[in-house]
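Hello,

Here is the structure I promised to pass on. Have a look first, and my notes follow below.

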Amino acid sequence: MLLVHPTTMDCSEIVNGYTRQWRKEAVVYQIYPRSFQDSNGDGIGDLPGITSRLDYLKNLGVDVLWLSPHYDSPNADNGYDIRDYRKVMREFGTMQDFDDLLAGVKSRGMRMIVDLVANHTSDEHAWFVESRKSKDNPYRDYYLWRPGKNGPDGESLPPNNFGSAFSGSAWTLDPLTGEYFLHLFAEKQPDLNWDNPQVRDEVYDLMRFWLDKGVDGFRMDVIPFISKDAAFPDVLPHESQVHINANGPHLHDYLHEMNDRVLSQYNCMTVGEAHGITIEDTPQLVDERRHELNMIFNFDTVRVNRDGRNWRRWSLPELKAIYTRQDIALGKHSWNTIFLANHDNPRLVSAFGDDSPEYREKSAKLLVTMLLTLKGTPYLYQGDELGMTNYSFQSIEEYDDIEAKNAWAHDVLTGRESAEHYLGNLAKVSRDHARTPMQWDTSPNAGFTSGGKPWLAVNPNYTAINAAQAIADPDSIYWYTRRLLDLRRNTPALVYGDFEDLAPHHPALFLYARRLGEERYLIALNFSRQIVALPEAVAGGRPVLSNGEKATQELEAWGTRILLA
Ligand code: ISL
Ligand code: CA
């Protein structure tokens with residue numbers, strides 16, 4: 001067998017033009033600790049809770065866990081606002097709990113990467129507490145302070161027209177020193193000044209701290225935003241701020257330096273969250289000859305259903321075309337990520353499948369089939385393996401997310417947008433859909449917490465959609481996902497094989513090949529409620545896996561077929 005245990009792997013081996021790497025063969029499973037498993041009844045998921053579920057994850061067959069932020073934080077943005085990078089969030093447990101979790105991951109032969117949120121800190125981080133004290137404080141230059149501009153009536157205006165991702169200006173005036181600080185996200189998330197070499201040293205140190213503990217790498221939050229044009233020109237009407245933020249003048253210098261000084265010293269993996277980086281520019285960050293990052297999340301696929309912040313209808317040919325574009329642009333020296341869900345997006349099956357009772361299971365199976373057979377490292381989000389769905393939020397009070405609440409205040413309460421339109425759209429795109437607690441069993445609160453009240457509502461469909469039930473049912477999405485993970489683990493063609501879309505214009509069928517040498521797999525996915533005919537050559541292949549009929553000329557509604565041609 002070609003695939004051997006990652007640790008015994010010879011890294012210089014080339015397969016189909018690709019250098020073999022454990023991170024290319026791995027499947028990653030994202031955990032949002034707040035919503036995974038509560039162990040002490042306070043209604044908040046925690047690290048001991050995750051440790052208690054490691055056998056579940058091992059049995060599922062994933063290789064790498066990605067932990068969303070577990071650091072000390074006042075939780076303005078659920079941990080994406082870090083107060084102390086070397087401390088565990090009090091609600092999540094202690095450093096001992098972290099060490100136990102990591103040891104449990106390792107002893108089961110898995111790996112774990114952690115979130116690195118280093119574009120910004122919390123405003124409660126000691127650096128910022130110091131920085132805001134005075135203009136000559138030694139930490140002043142850790143952040144991006146600028147004087148305001150004079151308005152027409154002599155009033156003070158922000159230094160430029162950047163908006164915050166969470167509504168309003170990206171600049172807040174701090175009355176104490178009369179200057180503005182930059183925050184591309186919430187006011188409680190001031191941006192670090194990466195042009196200051198001391199800041200970079202601090203970040204490299206804290207990266208070493210976690211790598212020395214044994215973590216296997218980082219998912220890097222909005223990493224392309226770290227370098228800013230220090231002159232802060234206005235965004236012009238034809239420009240996109242996110243593109244400007246992601247393409248600062250020293251981005252590649254800093255990533256290269258980080259690689260040289262830290263990452264290259266460890267056998268670790270990095271995946272950058274990369275809003276604003278185009279498919280064609282992706283190799284500039286991940287081409288392995290450049291020694292920057294290993295892979296990035298490009299958002300063209302997961303956001304194919306958006307027009308700005310608004311939900312829009314998407315078509316299968318559009319989605320397929322993105323995968324082909326990615327494949328061509330990345331070539332053999334870069335590596336892709338395959339994902340359609342995370343903690344910032346609605347649920348996989350609700351956004352890309354059909355979450356009606358009739359087709360939820362079939363379409364959820366179809367989506368995992370696609371995620372696990374396209375070329376790139378797949379990222380599953382907690383609950384995808386159960387086909388967990390969006391929650392039916394009714395009012396703004398039911399939401400928790402700072403993005404949703406700020407936009408409500410900024411757009412609806414000021415009359416810029418009607419409540420009806422805003423809530424209608426939010427019900428489709430809210431980040432909170434992904435954050436409702438994991439559904440483990442039919443006990444109260446889905447087995448997520450033994451306490452009375454989880455921090456965010458449990459989806460009432462937990463009585464039917466939960467892990468215990470899925471494990472007991474051999475036809476479940478869970479077991480289908482397990483079989484797929486087994487297949488991928490034992491099939492180099494599904495990792496390194498060439499990708500070819502065989503029916504790019506078909507409105508309902510995604511039919512593609514993965515070829516490695518003599519071996520050619522065909523994957524047929526019916527993204528519709530209609531029966532779709534399979535081309536004759538395809539139907540003649542040897543069936544390997546399917547979510548329904550295995551050997552007919554037709555693919556039933558939301559049917560899947562993997563064949564060896
Ligand atoms: O998800 C978004 C819109 O719905 C984005 O604006 C999102 O904030 C962006 O993808 C950056 O995300 C990352 O950084 C944010 C944090 O809120 C997200 O959870 C994180 O994934 C700030 O740290
Ligand atoms: Ca808890």
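Which strands does helix 12 lie across? Helix 12 (residues 360–373) lies across strand 21 (509–516), strand 22 and strand 26, and runs at about 150° to strand 22. Contact here means heavy atoms within 4.5 Å. Helices (H or I, at least four residues) and strands (E, at least two) are DSSP runs, numbered from the N terminus. Axes are lines fitted to C-alpha atoms, for helices over the stretch in contact, and angles run from 0 to 180 degrees between N-to-C directions.

Please bear in mind that this is a predicted model, where local features need pLDDT of at least 70, side-chain atom pairs count only at pLDDT 80 or more, and totals for chains, interfaces and linings use all residues. Residues are numbered from 1 along each chain as its sequence is written, chains are lettered from A and ligands numbered from 1 in the order in which they are written, and side-chain values use heavy atoms, with hydrogens and water left out.

Those strands belong to an open, antiparallel sheet of five, in the order 20-21-22-26-24; two strands pair if DSSP finds at least two bridges between them. Strand 20 (498–501) and strand 24 (542–546) form the edges. Strands 22 and 26 share five bridges, and Ile523 stands opposite Ile562 in strand 26.

Best wishes
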